[in-house]
Amino acid sequence: MGCCFHGSTTMPPMETSTTSVAEQYSSNLRQEVLLQIAGCKVHLMDEGEALEMAQGHFMITKTFDENVSLATIIKVDDLQWPLTKDEPVVKLDALHYLFSLPVKDGEPLSYGVTFSQESFASMSLLDSFLKEHCCFSGLKLSKNNNDLDWREFAPRVDDYNHFLAKAIAGGTGHIVKGIFICSNAYTNKVQKGGETILNSNADGRNGVVAREKTAAASKKNKINKNLKRVRKLSKMTEKLSKSLLSGVGIVSGSVMAPVVKSQTGQKFLKMLPGEVLLASLDALNKVLDAAEAAEKQTLTATSKAASRMISKR
C-alpha cells in the first residue's frame, strides 16, 4: 500500500464553569494526519546493535491552534517522537531513513526507519515534507545499499551520534519573529560531517575498536538504559499531544500558555512563541523537563493526599 492523507479533527469547546484562555481558544485546536505510509519498520541504533522497536503504519501528525503549528509528531504503532526543525534526518537510500533525536541524559536516540518496496512511490512526498520540517539531507552511500542491513550499519551510527552531540552543543539555530530557523553553520556541519561518518567503512577503526573493549555486561546495561529512554520519550510525546488537544496548552497571539502547571513550566512556556513549542531540540527538552517536573509534582501531591486520608481514619 502507498500513502494517504487524512483530514483534520477539530476539538469541541471545553465545558468549564469559569472563563479561561483554554475555553476561549479550545474550539480552534485540531490535529491533522498529514501523511500515512503502510509497511514500515523502526530499529533503535545503539551500541553497535539494531533493535527492532515497532512496525506498522508510519504516520506524521500535526497539532494546530488556528493556523499556528504547535507540534509535529511521528508515530509507528506505539512508538512516537516529535519532529523538530533542527532534528537531523538522513535519507540513506530509496527506502531507508535515519532519524536522530538528541534528548537529555545521554547521546542522541537514532531510529533506523525502513519502508517497503510498495511504498516507493510515496517517498517523494515524505522527502518534500522532511525538507521543510527538519534538518534533512540525502546521503550518497559509497555502495549500493538498497538492501541495507541495519545490524551492519549500526556501528557507523554510534560514531555519528558522538558527532551530533558535539554539533548540537554548539547551537542549532535562533528564533526570528517567533519562528525557529536553523543556522547555516549547524546545517552545513551536520550534513557534511554526517555524510563523511555514515559513508565510512562500517568496520573502520575508532568506533569498533572502542566497542570491542566494552564489557558485555556494560554494553547490555547501556542498551537497557536507552530502551528506557525510548519508552519514556514515546510516553511523554503522547502526553504532550493529548495535553495540547485537550486545551491544556493553547496559543494566544504569540505567547504559549502553560502546558503544565509547574512553576518551571509556566515560566518557560509563557516566554515561548507558539510557533516553536516543539520546533527545536532545545525547546523540546525544556518542555519535556517541565512536563516531567509536573508529573512528579502531581504524584507527590497525590501521595500526600492519600497519606492525609489514611491518617484521619
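Predicted model: local features only at pLDDT ≥ 70, side-chain atom pairs only at ≥ 80, totals over all residues.

**Cysteines.** I started with C134, buried or exposed? At 7% relative accessibility it falls under the 20% cut-off, so I put C134 down as buried. C135 is buried too, with a relative accessible area of 5%. Next I searched the whole structure for disulfides and found zero. For C134, the nearest cysteine sulfur is that of C135, 7.2 Å away. A disulfide needs the two sulfur atoms within 2.5 Å, so C134 is in none.

**Aromatic rings.** How many aromatic pairs does the structure hold? I listed seven. I describe each pair by the distance of the ring centres and the angle of the planes. I took F58 and F99 to begin with: their ring centres are 6.2 Å apart and their planes stand at 45 degrees, so I logged the pair as tilted. This pair links distant parts of the chain, as F58 sits in strand β4 (residues 49-65) and F99 in strand β8 (residues 96-101), 41 residues apart. I checked the cover as well: F58 has 0% relative accessibility and counts as buried, and F99 is buried with a relative accessible area of 1%.

F58 has another partner, F115. Here the centres are 5.1 Å apart and the planes are at 75 degrees, so this pair is edge-to-face. Again distant parts of the chain are linked, with F115 in strand β9 (residues 109-115), 57 residues from F58. F115 is buried, like F58. Stepping back, I see F58, W81, Y97, F99, Y111 and F115 forming one aromatic cluster.

**Helix α4.** I checked the length of α4, residues 184-198. Its 15 residues should span 21 Å at 1.5 Å a residue, and I found the end C-alpha atoms 21 Å apart, which agrees. Which residues of α4 are buried? My list reads Y186, T187, V190, G193, G194, I197 and L198. They cover an arc of only 160 degrees around the axis, so they lie on the same side of α4. On the other side I noted N184, A185, K192 and T196 as exposed.

**Whole chain.** Last, I took the overall numbers. I have eight helices and 14 strands in the chain. Of its 313 residues, 50% count as buried. The accessible surface comes to about 16000 Å², and 52% of that belongs to carbon and sulfur atoms. Among contacts with a separation of 6 or more, residues 24 or more positions apart account for 66%.

How values were computed: Residues numbered from 1 in each chain as written. Heavy atoms only, no water. Helix = DSSP H or I, 4+ residues; strand = E, 2+ residues; numbered from the N terminus. Expected span 1.5 Å × (residues − 1). Buried < 20%, exposed > 50% of the residue type's maximum accessible area, 1.4 Å probe, protein only. Arc of directions from axis to C-beta. Contact = heavy atoms within 4.5 Å. Areas by Shrake-Rupley, 256 points an atom, 1.4 Å probe, with all protein chains shown as cover. Phe/Tyr/Trp six-rings, centres within 6.5 Å; stacked < 30°, edge-to-face > 60°.
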